[in-house]
Amino acid sequence: QLQACGGGLVQAGGSMRLSCVASGSVIFSFMGWYRQASGKQRELVARISSGGSTNYADSVKGRFSISRDNAKNTVYLQMNSLKPVDTAVYYCNRHVMSGVDYWGQGTQVTVSS
């Protein structure tokens, strides 16, 4: 089970941090954040491996930062310089070694212009 929090309304140029807590150990899992804007497909925002390697969507590089705290079973997404196009429902994802994906319930992020 994944519990995401931290979404809300922010003005363009502002910052926001999302958190996602897993019910079990995430030490061997890839953790990631995806988003789905209204009328669009879900897309990868950022992902972090168990070893700490990261990759980002081109649209968020230099603005967003993903990190993890394995001791707290938590993954974070720091979002800076937010734009209206970042408005979406953000989903936490856990990809385990067996190939199964787990999803959080989603948290709405709205960036006003």
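These legends go with a set of close-up views of one predicted protein model.

This is a predicted model, where local features need pLDDT of at least 70, side-chain atom pairs count only at pLDDT 80 or more, and totals for chains, interfaces and linings use all residues. Residues are numbered from 1 along each chain as its sequence is written, and side-chain values use heavy atoms, with hydrogens and water left out.

View 1. Let's start with the overall picture: the protein has 11 strands and zero helices. Here, helices (H or I, at least four residues) and strands (E, at least two) are DSSP runs, numbered from the N terminus. Read from the N terminus, the elements go β-β-β-β-β-β-β-β-β-β-β. Along the principal axes, the C-alpha atoms fill a box of roughly 40 × 25 × 20 Å. The radius of gyration (taken over C-alpha atoms; the globule rule is 2.2 Å times the number of residues to the power 0.38) is 13 Å, which agrees with the value near 13 Å for a compact globule of 113 residues.

View 2. Of the 113 residues, 41% are buried. Buried means under 20% relative accessible area, exposed means over 50%, and partly exposed is in between (1.4 Å probe, protein chains only). The protein exposes about 5,900 Å², and carbon and sulfur atoms supply 49% of that area. These accessible areas come from the Shrake-Rupley method with a 1.4 Å probe; for residues, only the protein chains shown count as cover. What about contacts, meaning heavy atoms within 4.5 Å? Take those between residues at least 6 apart in sequence: 51% of them join residues at least 24 apart.

**View 3. The largest nonpolar core.** Nonpolar side chains tend to be buried together in soluble globular proteins. A nonpolar core is a set of buried Ala, Val, Leu, Ile, Met, Phe, Trp, Tyr and Cys residues joined through side-chain atoms within 4.5 Å. The largest one here has 26 residues, and Trp33, Leu77, Met79 and Tyr90 have the most contacts inside it. Strands that each supply at least two residues of this core include β1 (2–5), β4 (30–36), β8 (74–79) and β9 (88–95). The strand giving the most is β3, with four residues. Zoom in on Met79: leaving aside neighbours within four places in sequence, its contacts are Gly14, Ser15, Met16, Leu18, Arg63, Phe64, Tyr90 and Val109.

**View 4. A network of salt bridges.** A salt bridge is a side-chain nitrogen of Lys or Arg within 4 Å of a carboxyl oxygen of Asp or Glu, and the structure holds four of them. Which residues are linked in a network of salt bridges? They are Arg35, Glu43, Arg63 and Asp86. Glu43 counts as partly exposed because its relative accessibility is 35%, while Arg35 is buried, with a relative accessible area of 6%. In another pair, the side chains of Asp86 and Arg63 meet at 2.8 Å, N to O. That pair links distant parts of the chain, 23 residues apart: Asp86 is in the loop between β8 and β9, and Arg63 is in the loop between β6 and β7. Asp86 and Arg63 are both buried.

**View 5. A salt bridge at the surface.** Here the side chains of Asp58 and Lys61 meet in a salt bridge of 3.1 Å, N to O. Asp58 and Lys61 are both exposed.

**View 6. A nonpolar patch on the surface.** Ile27, Phe28 and Met97 form this patch, with about 380 Å² of accessible area together. Patches are made of residues with over 30% relative accessible area and no salt bridge: like charges are joined within 9 Å, nonpolar side chains (Val, Leu, Ile, Met, Phe, Trp, Tyr) within 5 Å. Phe28 sits in the loop between β3 and β4. Is Phe28 buried or exposed? It counts as exposed, because its relative accessibility is 59%.

**View 7. Two buried loop residues.** Ser49 lies in the loop between β5 and β6 (54–56), and is buried with a relative accessible area of 10%. Not counting residues up to four places away in sequence, Ser49 touches Ser29, Phe30 and Arg68. Val96 lies in the loop between β9 and β10 (101–103); Val96 is buried too, with a relative accessible area of 16%. Leaving aside neighbours within four places in sequence, Val96 is in contact with Ser29 and Tyr102.

How values were computed: Contact means heavy atoms within 4.5 Å.
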